[in-house]
Amino acid sequence: MEKEKKVVTLAYGCQMSERDAETLKQITRQEGYTSSDDLASADLVIINTCCVRESAENKILGKIGELKRLKEKNPNLKIAISGCMVQQPGALEKLQKRAPHIDIWTGTHNLHEFSALLHKAEQGEKAAEVWKEPQKTLESTPLAEKGKLQANVNIMYGCNNFCSYCIVPHVRGRERSRKPEEIIQEIKDLVASGCREVTLLGQNVNSYGKEFSPQYDFADLLRDVDQIPGLLRVRFITSHPKDLSDKLISVVASGEKLCEHFHLPIQSGSNFILERMNRKYTREYYLSRISKIRELLPQASLTTDIIVGFPGESETDFEQTLEIMNLIQYSHAFTFMYSKRSGTLAADMEDQISLDIKKRRLQRLMSVQNAQSLEWRQRMLGKTYEILVEGPSKTNLERFTGRTRGNELVVFKGNADIIGSLVNIQITEAATWTLVGEIVNPEM
Ligand code: SAH
Ligand code: SF4
């Protein structure tokens, strides 16, 4: 009998990178590999990469270096590097030179062709392929992994926005929306396999379906997904503020399974910086979107992404970011120091900000956000929330974890029978990142 082949898949970066890693895992399964977490006994290691910030790239390069030692111990090991980092123009040659121990290189656009590259590597050859353009038939890639409580579902690929700091449009191509019937069928199949929560993924979900005729937009898709029997919750990321329509907010407000959580990256509170970032909205417009959400969905959670130290950001610009955060009060914020990405417009801008200033601003931003996250959670004390029970806590196996509709993490005493169901939990303790609570009505 042939020895069982094992694959370890690692993903860096956003949910889309995780979703791509899942696709690769599914392809290797079709090729007879079983997935595993144990690097030491692996026959194949795949790293799906991210290049959105230099820090991500450095981490990945470190990991690629580590794998060299693993390969020295196990010369039969095959290593594949895939995704955004490899897709950057001119990156493949540099990476190949730097890491000759890698067997397979593939970009984002030809992931679905991974089997062919794998066959080549299994024959002892080096395999490298990066397509300049994305594939035409979106539906041919393997679908999300079945049998899990939560699943990420791609509804579109690529981005047309070209924010001046961002590499994503350069490595993911132009916007392409999947057909609604394909998405809905995928979700129905996931539900039949036990899935209860889906997160619809796109770089800017609000521009879903722009190319469709007759008209069918993201709000229409949400309304249809909300009707899928057996599904308990629907989430979506990411919403670009410029395209967040009143229709979408009211569909979320009237939906049953549509979670009241908007991840609405603001990036900066200064109009001068927003303009230089090519974000195509002003702080006033952004605030008007927040007012609309609060009007129709007073209980909605808001999260955001913020960049400090964008070229030309003065102390006053930065203060405006802190000020708008205080006005809005996010439940959580992902905060980043600007990272120069070659090939983007901002990389060539003058007035690049020193690392020292960026670090100082990031510290201040984080301390303001941490205080707000804590206050946000303290306001939840004593109140009861619907939680989807996910499973035992990683740090305390007697405790279970789940999330509110607003995506806040809650820890509570429970049992394995309630995994995958909705329970009502009253919040008894609040910290910056987590909440502790007690089940109010186990029947629910
Ligand atoms: N499409 C999504 C997110 C894409 S990348 C959106 O538009 O919101 C996720 C986040 O990374 C961005 O929102 C931004 O805050 C951050 N980011 C992107 N490029 C960056 C860069 N060059 N330096 C620092 N942060 C960056
Ligand atoms: Fe990058 Fe802007 Fe597109 Fe988001 S919307 S992926 S930040 S270019």
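Which side-chain atom lies 2.7 Å from a nitrogen atom of ligand 1? The legend to Figure 1 gives the answer, and each legend describes a close-up of one predicted model.

**Figure 1. Polar contacts of ligand 1 with Arg 53, Gln 203 and Ser 339.** A polar side-chain atom of Gln 203 is placed 2.7 Å from a nitrogen atom of ligand 1. The side chain of Arg 53 also takes part, with an N or O atom 3.0 Å from an oxygen atom of the ligand. Ser 339 contributes through its backbone, a polar atom of which is 2.8 Å from a nitrogen atom of ligand 1. Of the 530 Å² of accessible area that ligand 1 has on its own, the protein covers 90%.

**Figure 2. The shell of residues around ligand 1.** By class, the shell consists of 7 nonpolar, 4 polar and 4 charged residues. Two strands, β13 (301–308) and β14 (332–337), each supply at least two residues of this shell.

**Figure 3. The surroundings of ligand 2.** The residues around ligand 2 include three cysteines, Cys 159, Cys 163 and Cys 166. Asn 161, Phe 162, Tyr 165, Val 168 and Pro 169 also belong to the shell, as do Gln 203, His 240 and Arg 279. Sorted by class, the shell of ligand 2 holds 7 nonpolar, 3 polar and 1 charged residues.

**Figure 4. The interface between domain 2 and domain 3.** The protein is divided into domain 1 (5–129), domain 2 (150–376) and domain 3 (384–439). The C-alpha centres of domain 2 and domain 3 are 25 Å apart, and the contact takes 19 residues from domain 2 and 16 residues from domain 3. The size of an interface is often given as the accessible area lost when the parts come together. Between domain 2 and domain 3 the buried area is about 1300 Å², and carbon and sulfur atoms give 47% of it. On the domain 2 side, Leu 232, Arg 233 and Leu 374 lose the most area to domain 3, together 37% of what that side buries.

**Figure 5. Backbone geometry at Pro 214, Thr 238 and Asn 278.** Most residues other than glycine have a negative phi, and most peptide bonds are trans. The peptide bond from Ser 213 to Pro 214 is cis, with omega near 0°; Pro 214 is located in the loop between β10 (197–201) and α8 (218–226). Ile 237 and Thr 238 are likewise joined by a cis peptide bond, with omega about 0°. Thr 238 belongs to the loop between β11 (233–237) and α9 (246–254). Asn 278, although not a glycine, has a positive phi of about 60°, and its place is in the loop between α10 (271–276) and α11 (283–296).

Technical notes:
Residues numbered from 1 in each chain as written. Chains lettered and ligands numbered in written order. Predicted model: local features only at pLDDT ≥ 70, side-chain atom pairs only at ≥ 80, totals over all residues. Heavy atoms only, no water. Near = heavy atom within 4 Å. Nonpolar A, V, L, I, M, F, W, Y, C, P; charged D, E, K, R; others polar. Polar contact = N/O pair within 3.5 Å; in protein donor to acceptor, adjacent residues only side chain to side chain. Areas by Shrake-Rupley, 256 points an atom, 1.4 Å probe, with all protein chains shown as cover. Helix = DSSP H or I, 4+ residues; strand = E, 2+ residues; numbered from the N terminus. Domains from an automatic or database assignment. Contact = heavy atoms within 4.5 Å. Buried area = accessible area lost by both parts, 1.4 Å probe.
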